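Let's take a walk through this one together, starting from the inside and working out to the helices and strands. Keep the 3D view open as you read.

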Amino acid sequence: MDIKAIIEKYKNKEISVEENTKNILEKIKNDKTNAYITFDEEDSLKRARELDEKLEKGEDLGSLFGIAVAVKDNISYKNMNMTCASKMLKDFRPMFDAKVVENLLKEDAIIIAKTNMDEFAMGARGKTSVYGPVKNPIDESRVTGGSSSGSAAAVAKEDVLVALGTDTGGSVRCPASYCNIIGYKPTYSMMSRNGVVSMANTLDQVSVFARNVSDVRTVSQTIEGPDSNDMTVRLDDYKYEIENYDFKGKKIAYIPADDEMHKDIDPTVVKDYNFALDELKKLGADLAPINLKYSNYANQVYNVVMSSEVSSNMSRFDGIRFGYQSDNYTSVEELFINSRTEGLGEEVQRRIALGTMYLSADDNQRVFKQGLKLRTLIKKELEEVFETYDLIITPTVTNLPPSLDDDYMDPLSDFKSDGFNVIVNLSGMCGLSVPVREGISGSVQFIANANEDSKLLNAGEEFLRSLNEN
């Protein structure tokens, strides 16, 4: 089932929007994976009845008419709380809709629920939420990946067709891989970030989960576009063109197994990656190995840039202006310290501390400035690749979803599996994670140059069509 098929059912009166919405709400109420933080049955059914009336009156229908969309809980929807899965924002109700939510509503979508996530989008396993971890729908003993854990689970278990997440360094593509669905991270500036709680301003991008590329394209076309309240978003609309992508003769770059970026990669991920490469050869692609000199440092660079921006962005959550306020203080300074200590989790505090260190004036921000220099070199390196090659294919992540009980001792281990993802965010390019087979398995990521999102989705769609035919 896809968006187009559901809308046809509405038009043919096979099912009403209200009836379908009730069915989805029942799934949400009976969820066993901890995928959701907030839903409002009354709000959703009221919206559904309004849409049924619109259909009855013969009015023009939006491209997402009656489609339920689950939204990560760092994206503002004024009819539901926005907590960022943190004690710091417990019971916080936003005053306005995020631009992407506004665009969804204009096209007759229903915001059905706010999904669980790593606290303030900081985590790669879906385990740092104050509301508890999200279980992987394929194997509930495993993690979903993060930080957009609940949105991935909601799509993977088919509660909803599509869901929004945010991707800063793989936060949509990692859980898409772990949950065996599609995760699309657009070119930086494609989607407005207005109304989205910032983690790292130069890396964040609203992104999309779905089970087929057609639905990814439909939702992306709806939420993209200019926004006078976001100085980083593109100034014109982007058209997601639908074209048959022919791999025959296309030069596709891949990163060979002996490259440093494959260090500690799971053998199953390697096997599935090689399977994907063989499939591309059958399609006539001209595959060529590349070695990325500077991208081998991507995880370290991401750690520095992301943490530094986190340190700056999180300064507003102080218990004074807004957010959780401690009852235990005798001075303003103590109020500030205790509110953040009690209101923020360990991973968030760790990243704030790291970023504060990287931005320290004591050594003239030396580490941060070096990180920015390397980021520029990574971007230039990838741009040079795209002067010769049409696409790059990589594993999405280097591991399979870990066990929920895996209490890893290395606090930086979350960064290690996402090296292939973070190069996309550091360079502002676009990436698409697609599964290669059913079950717990490795996925592959297609990477395209900035603003070549149409080509990226068309290529991913053709690749999946080929797998399904075989």
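This is a predicted model, so treat it as one while we look around. Start in the middle of the greasy part: the largest nonpolar core has 90 residues. The residues with the most contacts inside that core are Ile112, Leu164, Phe247, Ile393, Phe446 and Phe463.

Now zoom in on Phe247. Leaving aside residues up to four places away in sequence, Phe247 touches a whole list of partners, including Phe446 and Phe463, along with Leu280, Leu283 and Leu391. Gly284, Ala285 and Glu462 are on that contact list too.

Next, find helix H11, residues 346–358. Its 13 residues reach 18 Å from the first C-alpha to the last, close to the 18 Å expected at 1.5 Å a residue. Which residues of H11 are buried? They are Glu347, Val348, Arg351, Ile352, Leu354, Gly355 and Tyr358. These cover an arc of only 165 degrees around the axis, so they sit on the same side of H11.

Finally, the strands. There's an open sheet of 11 strands with mixed pairing, running in the order S1-S3-S2-S4-S6-S5-S10-S11-S9-S7-S8. Strand S1 (36–38) and strand S8 (286–289) are the edges, each pairing on one side only. From one strand to the next, the twist averages 30 degrees. Within the sheet, look at S5 (residues 182–185) and S6 (residues 205–210), which pair in the antiparallel sense over 3 bridges. Tyrosine 184 has valine 208 in S6 as its bridge partner.

How values were computed
Residues are numbered from 1 along each chain as its sequence is written. This is a predicted model: local features need pLDDT of at least 70, side-chain atom pairs count only at pLDDT 80 or more; totals for chains, interfaces and linings use all residues. Side-chain values use heavy atoms; hydrogens and water are left out. A nonpolar core is a set of buried Ala, Val, Leu, Ile, Met, Phe, Trp, Tyr and Cys residues joined through side-chain atoms within 4.5 Å. Buried means under 20% relative accessible area, exposed over 50%, partly exposed in between (1.4 Å probe, protein chains only). Contact means heavy atoms within 4.5 Å. Helices (H or I, at least four residues) and strands (E, at least two) are DSSP runs, numbered from the N terminus. The expected span of a helix is 1.5 Å times one less than its number of residues. The arc is that of the directions from the helix axis to the C-beta atoms. Two strands pair if DSSP finds at least two bridges between them. Axes are lines fitted to C-alpha atoms, for helices over the stretch in contact, and angles run from 0 to 180 degrees between N-to-C directions.
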